[in-house]
Amino acid sequence: MLKLITVNFLVSTLIGIPIGVVCSLAAWWIIFHAVVPKLEFSEHISKVQDERNNGSLTYRIKFRNCGSRDIVDVQLFARVYVKGLNPQSPSTRRVVLIPLRIAHWPTLDVKGGAKLTALLPEKAVALTESWYPQPVREKATNGTLTLEDILAMGVSAELQVAAFAYDAFSGTRKVFVSKYYATADLKEGRFKTDSLDVAPPAP
């Protein structure tokens, strides 16, 4: 009898362990792949000339919650990656943080619509450092730097926006990144009301 109980115990253990592992992996996959927030960015950066502010340029990016649940504690960051500032090491890449007018949203509702924020290249004080071309340093010092100036630096320069967000139901955190934006992705006009597309400026 004791031998039979021992055999049954061993069989149950051998069967239970792989089942437990499979269930744990399934739960992990659901939490980190299925029950996660979803967020998408606009394909272009809107560029509008503000006549009320001495004709200065305003750059905006738009994004929205495209999942099935609310997203909470959304943190946005914008960075420019520049290659070729040093001719002796053209593959070396420097990273420049571009300030945002609004960088945090407590909640992005499922039905709350898209949000937008302005990029503030004129406030990128890091570009006053000696690494960067003199015209860029001068404009960064006097607050007249444009996104075109930044994206024209080096051999190549691209801007990417990243968002850190939590799913309101599962608490799962995920990082979302936009495409890499180049100068050609700066589109004149304002975003359409219910879209991530930029409308052409009025004639």
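K179 has a relative accessible area of 31% and is therefore partly exposed (buried means under 20% relative accessible area, exposed over 50%, partly exposed in between, with a 1.4 Å probe and protein chains only). The model is predicted, so local features need pLDDT of at least 70 and side-chain atom pairs count only at pLDDT 80 or more, while totals for chains, interfaces and linings use all residues. Residues are numbered from 1 along each chain as its sequence is written, and side-chain values use heavy atoms, with hydrogens and water left out.

K179 forms a salt bridge with E43, the closest N and O atoms being 3.7 Å apart (a salt bridge is a side-chain nitrogen of Lys or Arg within 4 Å of a carboxyl oxygen of Asp or Glu). The two partners belong to distant parts of the chain, 136 residues apart: E43 lies in the loop between strand 1 and strand 2 (45–50), and K179 in the loop between strand 9 (173–177) and strand 10 (186–188). Helices (H or I, at least four residues) and strands (E, at least two) are DSSP runs, numbered from the N terminus. E43 is also partly exposed, at 48% relative accessibility. Salt bridges with shared partners join E43, K179 and D185 into one network.

The count of salt bridges comes to six. One of them is between the side chains of R69 and D167, at 2.9 Å from N to O. R69 is in the loop between strand 3 and strand 4 and D167 is in strand 8, so this pair ties together parts that are 98 residues apart in sequence. R69 is partly exposed at 24% relative accessibility, whereas D167 is buried at 2%. A further salt bridge has an N to O distance of 3.3 Å and involves the side chains of K139 and D149. K139 is located in helix 2 and D149 in helix 3, 10 residues apart. The relative accessible area of K139 is 32%, which places K139 in the partly exposed class.

The largest nonpolar core contains 36 residues, and those with the most contacts inside it are F41, V80, I98, L127, L147 and L159. Such a core is a set of buried Ala, Val, Leu, Ile, Met, Phe, Trp, Tyr and Cys residues joined through side-chain atoms within 4.5 Å. Elements giving two or more residues to this core include strand 1 (39–41), strand 5 (93–98), helix 2 (134–142) and strand 8 (156–167). Strand 4 gives the most, with six residues. Leaving aside residues up to four places away in sequence, F41 touches I61, K62, F63, V161, A163, F176, V177, S178, Y181 and L196 (contact means heavy atoms within 4.5 Å).
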